[in-house]
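Biologist: I am new to this structure. Please show me how to read a few of its features.

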Amino acid sequence: MHACLLIPEIVKLIFTNVHVYDTDEYLVNFVDLYSRLATRRYAAGRHSLAALSRVCRSFKDIALDALWVKLDSLEPLFACLPRDLWTMTDDRKLLIQRPVTEADWSVFEQYASRVRILGNADFDLFGGIDAEFVYAMIGFCSQSLLVPNLRTLCCKGYRYPDVFHSCMRYLLGPNLIYLFVVSPTEGFLSSAMPSVLSDLNRYSPQLEVIEFLGPHPMCPRVSELALCGLTHLRKANLIFPSQEDLSWISRIVGLQELKIVLAGIFPPLRSQFRTSYLEKLVIHSFDLTTSGSSVAGWVVPCRQLQLIPTFTESAVAVERVLRMLDQRLLFNVLEHILLDAVFGPNRNHIDNAFTLQTFTPLMRFSSLKEVDLSTFCMSLLDDDDLGSIVKSWPHLECLYLGTKCFWQMPPKITFRGLVTLLATCPDLRNLGLVFDTTKVDPSTAETLGRGVSNTNITHFHVGCSPIEQPPQVAVSLSAVLPCLEEFIVESWLVKPLGQDGPDRQARNAKWGEVLEHINHTLIK
């Protein structure tokens with residue numbers, strides 16, 4: 001054996017990379033992880049680690065740690081118990097056959113102590129384990145924890161809510177940092193779990209991230225009991241009825257990120273929430289007016305603000321809400337803002353198209369680096385309007401305007417507006433803009449773009465920008481955006497009025513021709 005493999009730190013690093021999880025210390029992107037479960041690489045990694053644990057004594061513990069670090073459910077732990085303790089039915093249900101002994105518990109502990117991440121948003125926490133089997137193990141470990149070194153716990157999709165309630169106490173350990181819970185039934189977390197949740201600061205005082213998600217909203221009182229005693233909490237993701245008082249959130253000290261879903265269509269209750277600063281604030285609501293009314297009593301300066309209404313409103317309503325948010329959520333520390341409407345049956349109505357006036361409430365924030373308004377129509381803006389807007393944001397690094405959907409109204413912004421944008425915002429790295437390329441003249445474009453060249457932008461979201469002559473467009477764009485590698489048209493997933501944008505495939509093909517011409521020019 002090579003001398004390097006005698007150093008445990010090196011072996012641990014190698015084995016950890018054999019079986020890769022999408023983690024940031026302890027946080028898991030459960031969607032990405034689930035997509036890997038079906039891949040051969042994932043399965044091969046587990047098989048390799050299992051083999052490594054058996055091939056060499058010095059590898060055993062390190063390989064087992066890497067193999068057991070993440071489980072989608074408790075089932076593999078129970079399945080490792082002696083075979084005479086349990087049996088599996090035809091429908092893959094694990095049934096207990098005899099009482100649990102000290103020897104059984106020793107086997108369970110040997111593997112359970114290695115688990116750091118438990119649960120997956122798409123898996124039952126208990127897998128196929130019968131409720132009686134779970135109760136038997138809980139009863140045996142009444143003075144300890146089922147999984148003592150757990151760092152991340154994701155609880156969703158459990159078939160036994162009562163068992164989950166009993167088991168929860170034995171999963172909340174002192175090392176837990178991330179807790180993700182989805183209520184299985186309406187009122188479950190409020191009625192069945194308050195005793196456990198109210199003692200979170202005693203069971204898991206190191207918790208930094210908590211997500212209590214729907215589809216069923218939580219009682220604010222239960223959330224208050226659960227969160228206000230956690231001194232290390234820095235991120236919370238919560239769902240509440242829209243008419244509840246959320247003033248208690250002010251008592252959470254040290255909070256950096258807050259995501260709130262306001263469920264329901266009832267008029268929101270005015271609440272008082274004041275804090276010195278949030279790194280990120282996300283509010284989901286029925287519409288922007290609901291968001292504006294909900295925060296009427298708030299004073300929450302934040303660096304990143306995301307407002308995600310379910311339904312769109314007129315541009316006048318959007319402007320009115322943005323003015324309401326001034327000195328409530330909109331302060332000089334603002335650097336990133338995103339407005340993203342989920343549904344819009346009347347997206348193409350002219351009243352919903354943004355004008356220069358709509359942007360006015362945001363134009364005083366000169367520190368803005370990212371503005372994402374990709375789901376709103378910008379067809380009424382012309383080159384002069386765009387120039388006036390971006391001159392207010394000289395530090396802009398990311399800008400997306402109306403690129404996710406197809407708009408029946410053709411854009412008024414032309415190549416001249418694009419050049420003005422690039423000249424005014426030299427730090428721009430990510431760009432999404434719908435503009436009219438049908439009137440691009442290479443000689444005129446060369447004059448307009450003289451001295452302007454952005455080498456940071458490699459991907460250009462052009463949305464439903466009309467295009468007729470790819471070679472002329474290529475010549476004009478390559479002068480000001482010489483490092484382009486991809487053009488992205490509007491998303492086929494976003495379908496206003498239930499239909500794809502007309503000639504989307506044809507436009508996509510023409511933008512592909514533009515890229516080919518640019519690449520050919522660079523090669524020459």
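Biologist: Is Asp503 buried, exposed or partly exposed, and what is its relative accessible area?

Modeller: Buried means under 20% relative accessible area, exposed over 50%, and partly exposed in between (1.4 Å probe, protein chains only). Asp503 is partly exposed, at 46%. This is a predicted model, where local features need pLDDT of at least 70, side-chain atom pairs count only at pLDDT 80 or more, and totals for chains, interfaces and linings use all residues. Residues are numbered from 1 along each chain as its sequence is written, and side-chain values use heavy atoms, with hydrogens and water left out.

Biologist: With which residue does Asp503 form a salt bridge?

Modeller: A salt bridge is a side-chain nitrogen of Lys or Arg within 4 Å of a carboxyl oxygen of Asp or Glu. Asp503 pairs with Arg507, their closest N and O atoms being 2.9 Å apart. Arg507 is buried, with 4% relative accessibility. Shared partners also link Glu279, Arg303, Glu335 and Lys369 into one network of salt bridges.

Biologist: How many salt bridges are there by this rule?

Modeller: The count is 20. Another of them joins Asp104 and Arg98, with 2.8 Å between the closest N and O atoms. Asp104 is buried at 1% relative accessibility, whereas Arg98 is partly exposed at 23%.

Biologist: How many disulfides does the structure hold?

Modeller: A disulfide is a covalent bond between the sulfur atoms of two cysteines. The rule here asks for a pair of cysteine sulfur atoms within 2.5 Å. The structure holds zero. For Cys377, the closest cysteine sulfur is in Cys464, 7.9 Å away, which is too far for a bond. Cys377 is buried, with a relative accessible area of 1%.
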